[in-house]
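Student: Hi! Could you walk me through this one before I set anything up?
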Amino acid sequence: MSNPTAAMLVIGDEILSGRTRDSNTHHLACALTAAGITLTEARVVRDDAGAIVEAVQGLSAAHTYVFTSGGIGPTHDDITADAVARAFGASIGVREDARAILAAHYERSGTELNAARLRMARIPEGAALIENPVSAAPGFIIGNVHVMAGVPKIFEAMVASVLPGLTGGAPLISRSMDILRAEGDIAGPLGEVAALYPQLSFGSYPFQRNGLYGANVVARGQDQVALDAAMADLAERFA
């Protein structure tokens, strides 16, 4: 039985302009791999409601789980919550449980819960909150879509919060080997090994170290016996 699939939707003009580097996709990929959930697609969209709605609807229909990052803060360009609500045909407004979380947080810090900060308590109808132990403002889950902050520290905390509630499969195992030959020399034998083990995936990543050329060959799959056998086969071919 194949593992559940997931997609990542990164939202923000700052990512597309190059101002901010996206690290959240990498973090999510590692976390999902360990949980036995296969991240099969990642998209980046601008701060545009129509683009977000289209992406959320398409990804939600195609995958077991969808994760978004970005656009749920207090400023005018934080439009993710409204767009996701629109994608599901849900109403949205300030919700009392989310407002209470923010009120308690800002009271502790002696900061005013003004209209801008209160925007972060706007939650689509029917959504469940995602805990935010870093800065309190919650994310939310609606349908199979998990809407989370873009700030990496907060995103990572939210991922840790939601992962225990997801159904995963068998974790993906990987094995790697450095082969000191050019990719053009290893391509044929590597292809033969890949054909012998169709349940595994193989990748070749060239490098140059200390004047030597080679490739790091990586095999991935859920069958540890097959992985060990495939790597032994490769080692014998390139001994």
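Tutor: Happy to; we can go through the pockets, a few loop residues and the salt bridges.

Student: Is this an experimental or a predicted model?
Tutor: This is a predicted model.

Student: Good to know. How much space lies in the largest pocket?
Tutor: The largest pocket holds about 500 Å³ of space. Its lining consists of 32 residues.

Student: And which residues lie nearest its centre?
Tutor: Those are Gly70, Gly71, Ala149, Gly150 and Val151.

Student: Which helices or strands supply at least two residues of that lining?
Tutor: Strand E1 (5-11), helix H1 (13-16) and helix H7 (152-162) each do. Among these, H7 gives the most, with three residues.

Student: How does the lining divide into nonpolar, polar and charged?
Tutor: For the largest pocket you get 14 nonpolar, twelve polar and six charged residues.

Student: What about the second largest pocket, how much space lies there?
Tutor: The second largest pocket has about 260 Å³, and 15 residues line it. Thr33, Ile37, Thr38, Leu39 and Leu172 are the ones nearest its centre.

Student: Where does that lining come from, and which classes are in it?
Tutor: Helix H2 (24-35), strand E2 (38-45) and strand E9 (173-179) each supply at least two residues. By class, the lining of the second largest pocket has six nonpolar residues, eight polar and one charged.

Student: Back to Ala149. Where is its place?
Tutor: Ala149 is in the loop between strand E8 (145-148) and H7.

Student: Buried or exposed?
Tutor: Ala149 counts as buried, because its relative accessibility is 10% and the cut-off for buried is under 20%.

Student: What is Ala149 in contact with, leaving aside neighbours within four places in sequence?
Tutor: With those left aside, Ala149 is in contact with Asn24, Ser69, Gly70, Ile72, Ile154, Phe155 and Met158.

Student: How many residues apart are Ala149 and Asn132 in sequence, and how far apart in space?
Tutor: They are 17 residues apart in sequence and 9.0 Å apart in space, C-alpha to C-alpha.

Student: Tell me about Asn132, then. Where is its place?
Tutor: Asn132 sits in the loop between strand E6 (128-130) and strand E7 (139-142). Asn132 counts as buried because its relative accessibility is 7%.

Student: What does its side chain reach?
Tutor: The Asn132 side chain reaches the backbone nitrogen of Val134 at 2.9 Å. There is also a polar contact of 2.8 Å between the side chains of Asn132 and Ser135.

Student: Switching to backbone: which residue other than glycine has a positive phi near 80°?
Tutor: That is Ala136, where phi is near 80°. Ala136 lies in the loop between E6 and E7, and at 10% relative accessibility it counts as buried.

Student: And what is phi for Asn210?
Tutor: Asn210 has a positive phi of about 50°, although it is not a glycine. Its loop runs between strand E10 (201-209) and strand E11 (212-221). Asn210 is exposed, with a relative accessible area of 84%.

Student: Last topic: how many salt bridges does a search of the whole structure find?
Tutor: The search finds nine salt bridges. One of them joins Arg122 and Asp82, with the closest N and O atoms 2.7 Å apart. That pair links distant parts of the chain, with Arg122 in strand E5 (residues 122-124) and Asp82 in helix H4 (residues 80-87), 40 residues apart.

Student: Why do such side chains pair at all?
Tutor: Side chains of opposite charge can do so when their charged atoms come close.

Student: How exposed are Arg122 and Asp82?
Tutor: Arg122 is partly exposed, with a relative accessible area of 21%. Asp82 counts as partly exposed too, at 30% relative accessibility.

Student: What about Arg99 and Glu96?
Tutor: Their side chains meet in a salt bridge at 2.9 Å, N to O. Arg99 and Glu96 are three residues apart in helix H5 (residues 96-109), so about one helical turn separates them.

Student: Which residues are linked in a network of salt bridges?
Tutor: Glu192, Asp233 and Arg237 are linked that way.

Methods:
Residues numbered from 1 in each chain as written. Predicted model: local features only at pLDDT ≥ 70, side-chain atom pairs only at ≥ 80, totals over all residues. Heavy atoms only, no water. 1 Å grid on protein atoms, 1.4 Å probe; cavity = no way out; pocket = protein on both sides within 12 Å on 5 of 7 lines; lining within 4 Å. Points joined across faces, edges and corners; volume = space filled by probe spheres on them. Helix = DSSP H or I, 4+ residues; strand = E, 2+ residues; numbered from the N terminus. Nonpolar A, V, L, I, M, F, W, Y, C, P; charged D, E, K, R; others polar. Buried < 20%, exposed > 50% of the residue type's maximum accessible area, 1.4 Å probe, protein only. Polar contact = N/O pair within 3.5 Å; in protein donor to acceptor, adjacent residues only side chain to side chain. Contact = heavy atoms within 4.5 Å. Salt bridge = Lys/Arg side-chain N within 4 Å of Asp/Glu carboxyl O.
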